[in-house]
Amino acid sequence: MQIVETIAEVRRAVGKAKAEVKKVGLAPTMGAFHAGHIELMRTARRECGFVIVSVFVNPAQFAPSDDFGRYPRDLEADAEIAKTESVDLIFAPSATEIYPEGFDTYVEVGKLGRILEGASRPGHFRGVATVVAKLFGIVSPDTAYFGMKDYQQLRVIQKMVSDLDFALEIVPCPTVREPDGLAMSSRNAYLSKDERAAAVVLYRALEFAEERARAGERNAEALRSEAQRLIESDPLACVDYVAVVDPETLEPVERVGESVVIALAVRIGDTRLIDNTLIEVGG
Ligand code: AMP
């Protein structure tokens, strides 16, 4: 496995892979690998002849008050994991490799970027879309792998690919969870023991809403408010939002149709966690 830091080295490796008629797959990450990242690597490995994982804690998607400074970074441990998963290349650029002096072009995300996470974190998806567009330009992958854990991010990237005519396929990968249901996240490392125990309330709320929908509840606001109440019953949890939305547009729905996404963001102590579930009840 190669570990490279420059765009030129990535392009050289990709050029060689393409000359060998290998399908190139990219999984963009911020590192601190867990089973969610491994799911992306394994899916890419199954589908592609050349697998690239990028590791870049992207300053453009963090607000000044966000956790950019304390975000976990451990390239050595990540490299070990990626090697075990037979990844071909890790691209771990510096901030100046991606944003050299004078960098001044951004991808402006529309409506999809302004709601939910975008409303709570203005500019977040502009930063995400910009770095992902750059990674697509650097790697020219045939396929790129994104986790459904970050459902809105997945939709923003799918929309960007469609609107800006990127010639690649986006492959969504299912959310990987801890045995108690907590979605794997690099940010789970911030949680104290008590907070970790409380964090399972996000999954419980999703599970509860899914059960209610499957039992025939079609009133989206009833689902939403019951899920929110369940989370608020935990003294360590503070709801940022709970939303029942259309899986395509991420606009709130009134009635639960064939499929809806329940998306939520909750603060557990100082740690902000997000989770979601796609519910398909078939009308
Ligand atoms: P991150 O390093 O947190 O930016 O995540 C990199 C990629 O891994 C994104 O496409 C995420 O959606 C995906 N990912 C993160 N956590 C999970 C998870 N628990 N299950 C599946 N995919 C995940």
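Predicted model: local features only at pLDDT ≥ 70, side-chain atom pairs only at ≥ 80, totals over all residues.
The ligand may be considered first. It is surrounded by 17 residues, and the closest are His37, Gly147, Asp150, Val176 and Met184. Several elements of the fold contribute to this shell: strand S2 (24-29), helix H2 (35-47) and strand S5 (143-147) each provide at least two of its residues. Helix H2 gives the most, with 3 residues.

Individual atoms of the shell can then be examined. A polar atom in the side chain of His37 lies 2.8 Å from an oxygen atom of the ligand. In Gly147, a polar backbone atom is 2.9 Å from an oxygen atom of the ligand. In Met184, a polar backbone atom lies 2.9 Å from a nitrogen atom of the ligand. The ligand taken alone exposes 480 Å², and the protein buries 93% of that area.

Attention now turns to Asn58. This residue belongs to the loop between strand S3 (50-55) and helix H3 (75-84). Is Asn58 buried or exposed? Asn58 counts as buried because its relative accessibility is 1%, and buried means under 20%.

The side chain of Asn58 has polar partners. It forms a polar contact of 2.6 Å with the side chain of Tyr99, and one of its polar atoms lies 3.0 Å from the backbone oxygen of Gly127. Leaving aside residues up to four places away in sequence, Asn58 touches Met30, Phe68, Tyr99, Gly127, Val128 and Val131.

Notes:
Residues numbered from 1 in each chain as written. Heavy atoms only, no water. Helix = DSSP H or I, 4+ residues; strand = E, 2+ residues; numbered from the N terminus. Buried < 20%, exposed > 50% of the residue type's maximum accessible area, 1.4 Å probe, protein only. Polar contact = N/O pair within 3.5 Å; in protein donor to acceptor, adjacent residues only side chain to side chain. Contact = heavy atoms within 4.5 Å. Near = heavy atom within 4 Å. Areas by Shrake-Rupley, 256 points an atom, 1.4 Å probe, with all protein chains shown as cover.
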